[in-house]
Amino acid sequence: MKKFLNIAALMCCALLFFCGCGKQTDYTEYISEKRTDIYLYSDDGIEIRIHVSEKETPYCADGIKGEMGNLTEIYVTLPENRDEVNVKAGNIEGEMNFRAVENCYYLSAANGGVTGESADVTITFGEESKTYSAMNVKYDGVISCEDALKCVTERDLNLFEGLTESGVFCGEIYVRLIYDDGCYYYVGVCDRDKKITAYLVDGVKGKIIATKEMNG
């Protein structure tokens, strides 16, 4: 009986050991910025761009994931600058700030409610007010932010394992949908020394197009 109990105890220990070894780190839990959608409109000198994201607040590239929140950002470029520009899209409504460096107007808010294949955006300046339909750039076959990250972890597993201690990832990850005549993903891995390893990923094939290292 004693021998049987010893064998059973050894089997339990072995099972726990192998279960522990088999546990893998879920790197999606360390995403501190996730841009999931982009909406665009461009015609008659007017350009509208909307970014829909989840992002840590306050935002800081320090290799530590903070508390996440929803964020919708609206950028508007007009043929000529106006003293006051107001915008309404989804649940977002308000006066936009002018960004001189980018030569555009900007407004951001949490929980903007911009979803689906298109978004109605009403621009008002002076006595003029007009509504435009900004289209979601994502098309059939575009992978998710999580899948884009998976493509990177599979390609450069040594980087992720080198930043992982006892199952804990010592860094934060940025995954941003970008659009340039097609969908791509920027995947950035920031360690505790604020060093960022960045990847450009094809949005459909999941193929890594370019890699770059930089300081945050």
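Before the first stop, sort the residue types: Ala, Val, Leu, Ile, Met, Phe, Trp, Tyr, Cys and Pro count as nonpolar, Asp, Glu, Lys and Arg as charged, and the others, Gly among them, as polar. Keep in mind that this is a predicted model.

**Stop one: the pocket.** Select Gln24, Thr25, Tyr27, Thr153, Glu154, Leu157, Glu161 and Thr164, which line the largest pocket. The volume of this pocket is about 230 Å³. Now color the lining by type. Two of its residues are nonpolar, four are polar and two are charged. Which helices each supply at least two residues of the lining? Select α2 (145–155) and α3 (157–162) to see them.

Select residues 86–89, strand β4, and residues 92–95, strand β5. The two strands run antiparallel, joined by four bridges. Pick Val87, then look across to Gly94 in β5, which stands opposite. Next, go to the turn. Two residues lie between the strands of this hairpin, and Gly90 takes a positive phi near 60°.

**Stop three: the cores.** Select Leu149, Phe160, Phe169, Ile173, Val175, Tyr185 and Val187. In the largest nonpolar core, which has 24 residues, these touch the most other members. Which elements each supply at least two residues of this core? Show β1 (31–43), α2, β12 (171–179), β13 (183–191) and β14 (195–202). Another core, of 23 residues, lies apart from the largest one. To find this other core, select some of its members, including Ile46, Ile50, Val76 and Tyr132.

How values were computed: Residues numbered from 1 in each chain as written. Predicted model: local features only at pLDDT ≥ 70, side-chain atom pairs only at ≥ 80, totals over all residues. Heavy atoms only, no water. 1 Å grid on protein atoms, 1.4 Å probe; cavity = no way out; pocket = protein on both sides within 12 Å on 5 of 7 lines; lining within 4 Å. Points joined across faces, edges and corners; volume = space filled by probe spheres on them. Pairing = 2+ DSSP bridges. Core = buried A, V, L, I, M, F, W, Y, C linked by side-chain atoms within 4.5 Å. Buried < 20%, exposed > 50% of the residue type's maximum accessible area, 1.4 Å probe, protein only.
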